[in-house]
Amino acid sequence: MTKSAMGPAIRERPSPNHGSRGEPPHMRPIDMLVLHYTGMQSAAAALDRLCDAAAQVSAHYVVEEDGTLWRLVPEARRAYHAGVSCWHGESGLNHVSIGIEIVNPGHEWGYRRFPEPQMAAVEALCRDILSRHRIPPYRVVGHSDIAPDRKADPGELFDWPRLARAGIGLWPPPAPGLARRRGRGVGLVSHAAALADLARIGYCVSAAAEQVALAAFQRRFRPERWDGLLDGETCARLAELRMAVEAAQAAEEVRRRTRFS
Ligand SMILES: [Zn+2]
């Protein structure tokens, strides 16, 4: 077991499933963090699969329910965790991202809450990663955000607000100006505005998969109901997230300009 000066204690469990992040000048810096659940019956089964050369899947880290943290792939290498994926119009996101698998049986095997020791470990790991890589808050995502038609992880029970309080990802408070929008029912809301907001936040939405993308958004940002139907509450939440992303992008732009001026 190793413990870096500031980072959490890590156990090594090397996976053979990784590749190059690319060669300069085509190599992009790591600027995305993707959270998953394992969706398998046990932590041991998940670790075995993520280290099985035949499976061709992996992640950089696995966090067990008791908080035990495993490193499978060094961050400098590309792990195979995102699969077919898209965010802000960019697809195939493994080469720019770090992937964390959080042990949970998932919707197939008995989805349950993520225990406190596990959440504390996830939070510490994410903070450590964010201290070493420039990852904007709107690029901290769940697997379901970037592959809404295939994936539901880490799912509606995952405590995103807790991570946001620790400076990891976005969770804007309700905007007072949107109270009236919240009260509207299905059919009284603007589809066009909602779809524009979804795209601005980062979701890749095709006309056929509109409801699927809306459900993914709700699962992440309005976890009380994720039916993919556009009601007033979803519209208000979309607007809040869109504004939060725009504010974070503006801050990022200022930072970039000051750095290169
Ligand atoms: Zn996943």
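**View A. Nine nonpolar, 10 polar and six charged residues form the lining of the largest pocket.** Here Ala, Val, Leu, Ile, Met, Phe, Trp, Tyr, Cys and Pro count as nonpolar, Asp, Glu, Lys and Arg as charged, and the others, Gly among them, as polar. The model is predicted, so local features need pLDDT of at least 70 and side-chain atom pairs pLDDT 80 or more, while totals for chains, interfaces and linings use all residues. Residues are numbered from 1 along each chain as its sequence is written, and side-chain values use heavy atoms, with hydrogens and water left out. The largest pocket has a volume of about 480 Å³. Among its 25 lining residues, Thr38, Arg49, Glu101, His143 and Lys151 are the closest to the centre. At least two lining residues come from each of S4, helix H1 (43-50) and helix H2 (106-109). (A pocket is an open set of points on a 1 Å grid over the protein atoms alone, with protein on both sides within 12 Å along at least five of seven lines; a cavity is a set where a 1.4 Å probe fits but cannot get out; lining residues have an atom within 4 Å of a point. Points are joined across faces, edges and corners, and a volume is the space filled by probe spheres set on them.)

**View B. The second largest pocket holds about 260 Å³ of space.** Its lining has 14 residues, and those nearest the centre are Asp31, Arg134, Glu252, Arg255 and Arg256. By class, five lining residues are nonpolar, two polar and seven charged.

View C. (Helices, H or I of at least four residues, and strands, E of at least two, are DSSP runs numbered from the N terminus.) His36 is buried at 1% relative accessibility, and His143 is buried at 3%. (Buried means under 20% relative accessible area, exposed over 50%, partly exposed in between; 1.4 Å probe, protein chains only.)

**View D. Cys86 and Cys204 form a disulfide.** Their sulfur atoms are 2.0 Å apart (a disulfide is a pair of cysteine sulfur atoms within 2.5 Å). The torsion about the S-S bond is about -75°, so this disulfide is left-handed. Cys204 is partly exposed, at 29% relative accessibility. Cys51 is in no disulfide, and the nearest cysteine sulfur, that of Cys126, is 20 Å away.

**View E. The largest cavity contains about 60 Å³ of space.** Among the residues lining the largest cavity are Trp87, Tyr138, Leu170, Arg220 and Phe221. Its lining has 10 nonpolar residues, no polar ones and one charged residue. Strand S11 (140-142), H8 and helix H9 (232-260) each supply at least two of the lining residues.
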